[in-house]
Amino acid sequence: MAGIKLATPAAKPEEYKNVFVFLETREDKLVRPALEMIGVGKRIADKVGEKLYCLLLGGNIKKEAKEAVSYGCDVVLGAESPDLSVYRTLPYSKIISDFVKQEKPNIFLIPATRNGRDLASRIAVSCEAGVTADCTELDIEQDTRILSANRPTYGESMLAEILCKRHRPQMATARAGIFPVPDKVQSPKGDIRINDVKIEKALLRKEILDFKKKNAVDLTAAKVVVSGGMGLGKADGFKLIGELADEIGGVVGSTRPAADMGWITRDHQVGQTGQTVRPRLYIAAGISGKIQHIMGMKNSETIIAINTDPNAEIIKYSDFVINADLYKAIPPLISSVKEEKKKLLAANKK
Amino acid sequence: MVLEIIVMVKQVPDSQEVVIDPVTMNLNRSLTRNVTNSADENALEAALRIKDKVGANVTMISMGPPQAETTMIECLARGADRAILASDRFFGGADTYPTGLTLAATISKLGKFDIIFAGEESSDSSTGHVGPGVAEFLNIDQITYASSVEYEDGYVTAERELEDGTETVKVPTPVLVTVLLNSNSPRMQTLRRKIDAVKKGMEMWDHDKIGLQPEWVGVRGSPTIVRKMRPIKERERAAKKIEIDNIGDLVRELYEKNILKLEEE
């Protein structure tokens with residue numbers, strides 16, 4: 001068959017050096033998970049005294065290459081072509097695989113976004129390498145330079161540590177929203193190598209007919225999130241959630257079932273198939289706490305649950321519990337916030 | 001020429017009933033019920049809708065132990081025409097690389113294909129990597145995370161749901177498509193079809209039949225290994241009870257501790 005391509009161990013693993021990260025872009029702008037990759041990639045590279053290489057593909061990426069350097073990237077390997085201004089599997093995986101085969105990195109990290117996952121195992125197969133999906137912890141063993149790739153499994157109850165000892169590069173995708181965006185470096189020094197490339201016609205057979213941008217609700221950057229679940233009982237309940245969110249400068253979140261019911265749009269969804277959040281305050285109203293939702297919000301600093309069920313799963317994950325009907329609890333919450341703000345403003349003026 | 005559609009399915013432990021052995025930290029398979037991976041049911045439905053419209057042969061393929069037969073029969077009873085289970089003791093312990101290789105080799109063995117469907121990911125390992133891996137082995141294009149799929153005159157048009165929006169793409173066949181969970185309503189099995197499915201049964205193919213060497217597949221063909229498993233320890237949280245009458249105190253505390261801040265308004 002055409003497809004038999006075996007995962008072949010690297011003959012000389014010691015020849016593979018440096019850390020690669022793929023910088024995903026949208027309309028030639030770095031997406032937030034790309035910055036997260038720079039942070040985790042830099043930490044791993046520094047630990048073994050190697051360089052961080054960032055791979056950047058797009059139509060016009062010179063500004064973004066400088067941006068990557070400002071976050072601590074040592075080398076930007078870029079490929080520029082009008083055909084790369086939108087993500088397409090075949091040209092992206094071909095160019096990236098070529099970079100990998102040529103430069104032989106020890107480690108290669110890709111954000112576990114939808115396009116990142118679209119790419120990762122294609123590159124792994126193309127390079128005959130192993131890849132660990134959706135890691136939440138990444139580290140490197142200093143003496144062996146073996147990547148410790150840790151990913152949640154069995155419904156997020158266990159953490160599996162996965163190694164890829166003999167194949168190179170050691171690849172992993174990293175869950176978005178877990179690794180912090182790094183601070184900008186003081187005096188950035190980075191080598192930018194961008195090549196104009198021509199893409200074979202055969203790789204461009206996928207036509208992108210349309211892209212409908214969502215009203216971007218970026219929950220990942222929110223400091224305060226107020227989420228509603230099935231306990232709201234009706235679509236209208238999200239009005240009350242929205243009122244509370246507005247009052248405390250928060251963003252509205254939801255569970256998957258609430259979005260499935262059409263009570264709110266998908267882009268508000270927090271959890272395994274939605275966004276991962278880590279705000280200072282997370283309020284879960286009428287949310288029972290299914291594991292898929294917990295996964296997306298358990299790293300919030302402070303969690304308040306509002307639920308009529310004293311045995312709801314969410315309570316185990318909460319710092320404060322208001323054991324009441326949310327329609328009875330949220331209005332006094334809103335009025336207390338108004339009152340408190342008034343007091344604080346008055347005190348500030350003095 | 002009849003359209004040839006392949007649907008990749010997986011039998012997974014029922015996520016509601018996962019039982020972990022406290023000693024080995026592994027899944028206790030004898031206590032865990034097995035079901036068809038939900039997103040794969042959406043993948044099969046997407047295939048059957050194309051079959052309804054333009055006619056097609058729909059072949060299910062899976063890799064797994066012989067008990068995956070229940071899943072294969074269930075898929076036949078929903079309307080698939082043929083079911084092949086790649087099953088061999090050598091396939092055990094495979095990571096996504098040899099899993100993709102085994103499925104791709106099985107597809108190659110079948111001959112011509114136009115569209116390969118799969119679920120967006122499996123509920124147990126949630127990598128989403130096997131579909132694209134198969135596409136790379138077969139050297140074909142792919143559409144991942146599709147919420148709707150249409151076929152017309154040698155082209156698949158699909159909507160892909162991304163983090164920031166919906167992309168509409170059009171690709172000539174052959175193409176591999178991964179379908180989002182809950183993107184359609186899978187049809188029910190009918191009694192009639194169920195009887196036919198049991199009569200028809202599935203085929204079981206081993207490494208030899210597929211044309212793979214034992215050392216290429218399963219745990220031996222896997223670049224990655226699991227070094228250890230540990231339970232994820234959650235941070236202890238106080239779950240302090242607040243009565244409705246005391247909500248004012250809670251709000252004051254949130255502002256005092258800077259959990260809520262004035263400037264966020």
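Guide: Gladly! Let us begin with a term: contact means that heavy atoms lie within 4.5 Å. In chain B of this predicted model, 71% of the contacts between residues at least 6 apart in sequence join residues at least 24 apart.

Visitor: What makes up chain B, in helices and strands?

Guide: Chain B has seven helices and 13 strands. Its C-alpha atoms fill a box of roughly 70 × 45 × 40 Å along the principal axes. Of its 265 residues, 54% count as buried.

Visitor: Why is S126(B) called buried?

Guide: Buried means under 20% relative accessible area. S126(B) has 10%, so the word buried applies. You will find S126(B) in the loop between β6 (115–119) and α4 of chain B.

Visitor: And why is N182(B) called partly exposed?

Guide: Partly exposed covers the range between the buried limit of 20% and the exposed limit of 50%. The relative accessible area of N182(B) is 46%, so N182(B) is partly exposed. This residue sits in the loop between β10 and α5 (191–200) of chain B.

Visitor: What is the backbone angle phi of these two residues?

Guide: S126(B) has a positive phi of about 50° although it is not a glycine. N182(B), also not a glycine, has a positive phi of about 65°. Most residues other than glycine have a negative phi.

Visitor: What makes T136(A) a buried residue?

Guide: The relative accessible area of T136(A) is 16%. The limit is 20%, and therefore T136(A) counts as buried. T136(A) lies in the loop between β7 (131–135) and β8 (137–140) of chain A. Leaving aside neighbours within four places in sequence, its contacts include N150(A), L159(A) and F179(A).

Visitor: Which peptide bonds here are cis?

Guide: One of them runs from R168(A) to P169(A), with omega near -5°. P169(A) is in the loop between β10 (158–163) and β11 (170–174) of chain A. Another cis bond joins T173(B) and P174(B), where omega is about 0°. P174(B) belongs to the loop between β9 and β10 (175–179) of chain B. Most peptide bonds are trans.

Visitor: How do you know that K206(A) and D141(B) form a salt bridge?

Guide: The test asks for a side-chain nitrogen of Lys or Arg within 4 Å of a carboxyl oxygen of Asp or Glu. Here the N to O distance is 3.7 Å, so the pair qualifies. Between chain B and chain A the count is twelve salt bridges. There are also 42 residue pairs in polar contact between these chains. The side of chain B that touches chain A divides into 40 nonpolar, 21 polar and 24 charged residues.

Visitor: How many residues are in contact across the two chains?

Guide: 85 residues of chain B are in contact with 97 residues of chain A. The area buried between them is about 8000 Å², and carbon and sulfur atoms give 56% of that. In chain B, Y97(B), H129(B) and R237(B) lose the most area to chain A, together 9% of what that side buries.

Visitor: Why is strand β18 of chain A said to pair with β13(B)?

Guide: Pairing needs at least two bridges between two strands. Three bridges join β18 (residues 320–322) of chain A to β13(B), so the strands pair, and they run parallel. In β13(B), K241(B) is the bridge partner of V321(A).

Conventions
Residues numbered from 1 in each chain as written. Chains lettered and ligands numbered in written order. Predicted model: local features only at pLDDT ≥ 70, side-chain atom pairs only at ≥ 80, totals over all residues. Heavy atoms only, no water. Buried area = accessible area lost by both parts, 1.4 Å probe. Polar contact = N/O pair within 3.5 Å; in protein donor to acceptor, adjacent residues only side chain to side chain. Nonpolar A, V, L, I, M, F, W, Y, C, P; charged D, E, K, R; others polar. Helix = DSSP H or I, 4+ residues; strand = E, 2+ residues; numbered from the N terminus. Buried < 20%, exposed > 50% of the residue type's maximum accessible area, 1.4 Å probe, protein only.
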